[in-house]
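Subject: Structure for your reading

Dear colleague,

Please find below the structure that I am handing over to you. My notes on what was found in it follow directly after.

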Amino acid sequence: MYISRIKMNQLMNKTKEIWIGGFALFSLFFGAGNLILPPSLGVKSGLDWWIVVLGFVTTAVTIPILAIFAHAKLQGTLYDFGKKVSPLFSTTYCLLIYLIAIAIPSPRTAAVTHEMTVQPFADSGAIYTSIIYFVMVFIFAINRSRIIGLIGKFLTPIIVLILLVIIGIAIFYSPSSVAPTTFKTPFVDGLLEGYQTFDAIGGVVVGAVIIISLNYSSHTSFEARRNLIRKAGLIAGTGLLLIYGGLILSGSLFSSTFTEKASRIEILSGLSTQTLGNFGTTFLSILVALACFTTAVGIVTGTADYIKGICKDSQKAYIITAGIASVIGIIVGSYQVDFIITLAVPALMFLYPITIVLILLNIVPEKYASKQVFRAVVLVTFLFSIPDFLGFIIPRENLTEIKNIIPLANFSLGWVIPACLVFIALNLRKNNN
């Protein structure tokens, strides 16, 4: 009986640890700024909402969770993801990741806060919201207040609960008509919109922090740790799938109530109002603003920590970096959310494919991912991503000929097949030798 109780306690402790790890991972990827994406997709997808969900989940859930699995295998830092290509490449990649983080997702949180929380109640310019917002971000970043962490722990469960209520009401009390889809390729549109969550980038940046934070006291072996992370990742992935999928479905069910030109913020707010009423919408807006703020502080702090590390632990470098990140946040955050999302597209078309490839190469067994394979696959991915990148900068008709030659290039996925072929060819060559 005594032995059985010991085994039962051990089992309960492991189960508790898995669930804690799952909720930690869920909180990592569940950014409040991302909430504006799924409902908008749903409104545009119509009855094809489930196809859009498959695409969105691929890049917004599956790839980020695989990034955590890759971290479990590497047990290292962001630098380790690309070191097999070359030290120069890995350093450049890290700098680009952090630069993008402070230039797009961090300012976007200020824009979301203004449009959801300030604009409906006060006739003030976005620049004023952005200034106040990032002055506060800078103050919290240089003081490294624990309040932010505590707020984050309470905010996520409350927001999730409210979203589940919205989804439930939307399913049972939605209008009878659904607007037709405006997507020509629902799966691809969902997949590319998943880029905007920045979760794959988030996975490679802070995945190591989450893993180290998990209590491994009873999981000393590599297999035990990997098993824990996989189960925690499954919990987090399931949670994200339910929330994202539910919001896309909700948007689809209420699609007939929105105009074709409705912005992402208008759709989220409108969906909230139609299901929760004005009070519920106001409450959700305040919670989202607080959650956005904690995200911005986390991004600025993480970036400043990285620069501090490469500058021989210089506190001056930390403060300067936090200041620069906040100034960039003020400038970019003063624009509309939809403009910032559009602004992010070229950078994501360039950086996201490389990030996905690095995640996948770090997942596969070592015998299939030599330095030669890393270098060749990353190089090919980079080269074939250039037309996708340029397609959002210059007129697309100028790229028609080259896009017609490259498979899937017309869907902004021209890198996929070449990268796969190079990976297969190099491994077949190796096996034949």
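Predicted model: local features only at pLDDT ≥ 70, side-chain atom pairs only at ≥ 80, totals over all residues.

Helix α9 spans residues 186-195, and eight of its 10 residues are buried, so the helix is largely enclosed by the rest of the structure. The buried residues are Pro186, Val188, Gly190, Leu191, Leu192, Glu193, Gly194 and Tyr195.

**The chain as a whole**

The protein chain has 17 helices and zero strands. Of its 433 residues, 51% are buried. The accessible surface amounts to about 20,600 Å², and carbon and sulfur atoms account for 68% of it.

**A glycine in helix α11**

Gly251 belongs to helix α11, which covers residues 222-253. Is Gly251 buried or exposed? Its relative accessibility is 1%, and because buried means under 20%, Gly251 counts as buried. Leaving aside residues up to four places away in sequence, Gly251 touches Pro39, Gly42, Val43 and Leu271. The C-alpha atoms of Gly251 and Leu41 are separated by 7.2 Å, although these two residues are 210 residues apart along the chain.

**Salt bridges**

Side chains of opposite charge can pair when their charged atoms come close. The structure holds seven salt bridges. One of them is formed by the side chains of Lys73 and Glu366, at 3.9 Å from N to O. This pair links distant parts of the chain, for Lys73 is in helix α3 and Glu366 is in the loop between α14 and α15 (371-390), 293 residues apart. Lys73 has a relative accessibility of 25% and therefore counts as partly exposed.

Glu366 also forms a salt bridge with Lys84, and here the closest N and O atoms are 2.7 Å apart. Lys84 lies in the loop between α4 (78-82) and α5 (87-103), whereas Glu366 lies in the loop between α14 and α15, so the pair ties together parts that are 282 residues apart in sequence.

A further salt bridge brings together the side chains of Lys308 and Asp313, at 3.9 Å from N to O. Lys308 counts as buried, with a relative accessibility of 18%, while Asp313 is exposed at 57%. As for shared partners, salt bridges join Lys73, Lys84 and Glu366 into one network.

Most residues other than glycine have a negative phi. Which residue other than glycine has a positive phi near 60°? Phe198 is such a residue. The place of Phe198 is in the loop between α9 and α10 (199-213), and Phe198 is buried, with a relative accessible area of 7%.

Asp313, already named for its salt bridge with Lys308, likewise has a positive phi, of about 60°, although it is not a glycine. Asp313 lies in the loop between α12 and α13 (315-333). Its relative accessible area is 57%, and because exposed means over 50%, Asp313 is classed as exposed.

With kind regards

Note on methods:
Residues numbered from 1 in each chain as written. Heavy atoms only, no water. Helix = DSSP H or I, 4+ residues; strand = E, 2+ residues; numbered from the N terminus. Buried < 20%, exposed > 50% of the residue type's maximum accessible area, 1.4 Å probe, protein only. Contact = heavy atoms within 4.5 Å. Salt bridge = Lys/Arg side-chain N within 4 Å of Asp/Glu carboxyl O. Areas by Shrake-Rupley, 256 points an atom, 1.4 Å probe, with all protein chains shown as cover.
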